[in-house]
Amino acid sequence: MALTGILRTGLVQLRVLDFEESLVHYRDRLGLSVVGKIGEDRIMLKSFDEFDHHSLVLRRADSPGLDFFCFKSLDKQTIDNIAKKSKEEYGYPVDVMTGHPGFGEITFVTVPTGHKIGFYWEVELAAVHPMLVNPHPWDKEPHGMGVACLDHALLCGPNQGETVRWFTDCVGMSITEYISTPEGDGHICTWLSGNTRGHDVAILSYPEPGKIHHLSFQLQSWDEIGRAADIMGRYNISVDAGPMRHGITRGQTIYFFDPSGNRNETYAGGYEYFPDHPTRQWSADHVGEGIFYYSKELNERFLSVLT
Ligand SMILES: [Fe+2]
């Protein structure tokens, strides 16, 4: 039984400029596998430790960025409740997508930060998935950085407080940590969890709607973060920051860019969270330490480059 009905980050659609260089990045370097195509403009991929049909869709477009961000949910009731409350109490647009390969209905809510947040519960088991009988650690050995699964995203837009309230009140997620505004009258950024991860999504206050700061993929250890950094060095992947640790969530991390300019993260460690844990707070003058725990100073690119 899930703690909230929200199981995890499960399906994300990102816009990329070019398939060939994007596949080198996501397939060969991060280590995802191609599941198939949707028409001519979308490619489905998944990580080796995910059971579901696929988790990432790359859509070829004229500009990079995020189309949608979806949570795997426990059951239909969870989603129906979110949809009803979003529409009736919040007045947010709700629409349902059918026919996405491998998936049942996906219910989308458009939130005040300008993002389409999706919820689904029916999805086919992937053709290649973690073994179920006398299981080895993996069926086919991981390649590239060997990312295990999607982890989380940092989404950015206006009306941060309203969107956070919807995530807690309507979706049922918990605030694990936040950075308060200098005046102390709100949050600059809020980390939210629906399960036992330190966060499934974080929401940053930003003037432009619908932006993504980074999409994060999970690694298993600090050793794997180091190996990922070696691969970034070997193949001249544009690194933004790291390897390092976050103060917030305590995760170990590297930020880097895909060829279209979308920021990715490889993320490992971090604490386990339970809903009875108190919320951790950061004051605005400790932002550097919260994000870049070792250097304690954010770089300008980290603050200004979003897609
Ligand atoms: Fe992150």
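Ring pairs tie F69, F71, F119, W166 and F167 together into a cluster. Here, rings of Phe, Tyr and Trp (its six-membered ring) pair if their centres lie within 6.5 Å; planes under 30 degrees apart count as stacked, over 60 as edge-to-face and the rest as tilted. Searching the whole structure turns up 12 aromatic pairs.

A quick word on what you're looking at: this is a predicted model, so local features need pLDDT of at least 70 and side-chain atom pairs count only at pLDDT 80 or more, while totals for chains, interfaces and linings use all residues. Residues are numbered from 1 along each chain as its sequence is written, and side-chain values use heavy atoms, with hydrogens and water left out.

**Aromatic rings**

- Y90 and Y92 make a tilted aromatic pair, at 5.3 Å centre to centre with 55° between the planes.
- Both partners can be checked for burial (buried means under 20% relative accessible area, exposed over 50%, partly exposed in between, with a 1.4 Å probe and protein chains only).
- Y90 counts as buried at 13% relative accessibility, and Y92 is buried too, at 11%.
- Y293 and Y294 have ring centres 5.9 Å apart and planes at 55°, so this pair is tilted as well.
- Y293 counts as partly exposed, with 34% relative accessibility.

**Charges over rings**

- A charge sits over a ring if NZ of Lys or CZ of Arg is within 6 Å of the ring centre and within 35 degrees of the ring normal.
- R29 puts its charged end over the ring of Y235, 3.5 Å from the ring's centre.
- R280 has its charged end over the ring of Y271, 3.9 Å from that ring's centre.

**Helix α3**

- Helices (H or I, at least four residues) and strands (E, at least two) are DSSP runs, numbered from the N terminus.
- In helix α3, which covers residues 160–169, the residues Q160, T163, V164, W166 and F167 are buried.
- Looking down the axis of α3, these buried residues fall within an arc of 155°, so they line one face of the helix.
- That arc is the one made by the directions from the helix axis to the C-beta atoms.
- As background, an α-helix has 3.6 residues a turn, so residues three or four places apart point the same way.

**The iron site**

- Which residues hold the iron ion? Its protein donors are H152 (NE2), H214 (NE2) and E265 (OE), lying 2.1 Å from it.
- Donors are N, O and S atoms within 2.8 Å of the metal (3.2 Å for Na, K and Ca); water is not among the atoms, so sites may look incomplete.
- Along the sequence, the donor residues follow the spacing H-x61-H-x50-E.
- Distant parts of the chain are linked here: H152 lies in strand β9 (residues 149–157) and H214 in strand β13 (residues 211–218), 62 residues apart.
- H152 is buried, with a relative accessible area of 1%, and H214 is buried at 4%.

**Cysteines**

- How many disulfides does the structure hold? The count is zero.
- A disulfide is a pair of cysteine sulfur atoms within 2.5 Å.
- C189 is in no disulfide either, as the nearest cysteine sulfur, that of C156, is 7.5 Å away.
- C189 counts as buried at 3% relative accessibility.

**Salt bridges**

- Side chains of opposite charge can pair when their charged atoms come close.
- A salt bridge is a side-chain nitrogen of Lys or Arg within 4 Å of a carboxyl oxygen of Asp or Glu, and by this rule the count comes to 14.
- D67 and R59 meet in a salt bridge at 2.6 Å, N to O.
- D67 counts as buried at 17% relative accessibility, whereas R59 is partly exposed at 27%.
- K211 pairs with E208 in another salt bridge, where the closest N and O atoms are 3.6 Å apart; E208 is partly exposed, at 40% relative accessible area.
- R301 and D240 form a salt bridge as well, at 2.7 Å, N to O.
- This pair links distant parts of the chain, with R301 in helix α6 (residues 300–304) and D240 in strand β14 (residues 239–245), 61 residues apart.
- R301 counts as partly exposed at 38% relative accessibility, but D240 is buried at 5%.
- Salt bridges that share partners also join R8, D52 and K72 into one network.
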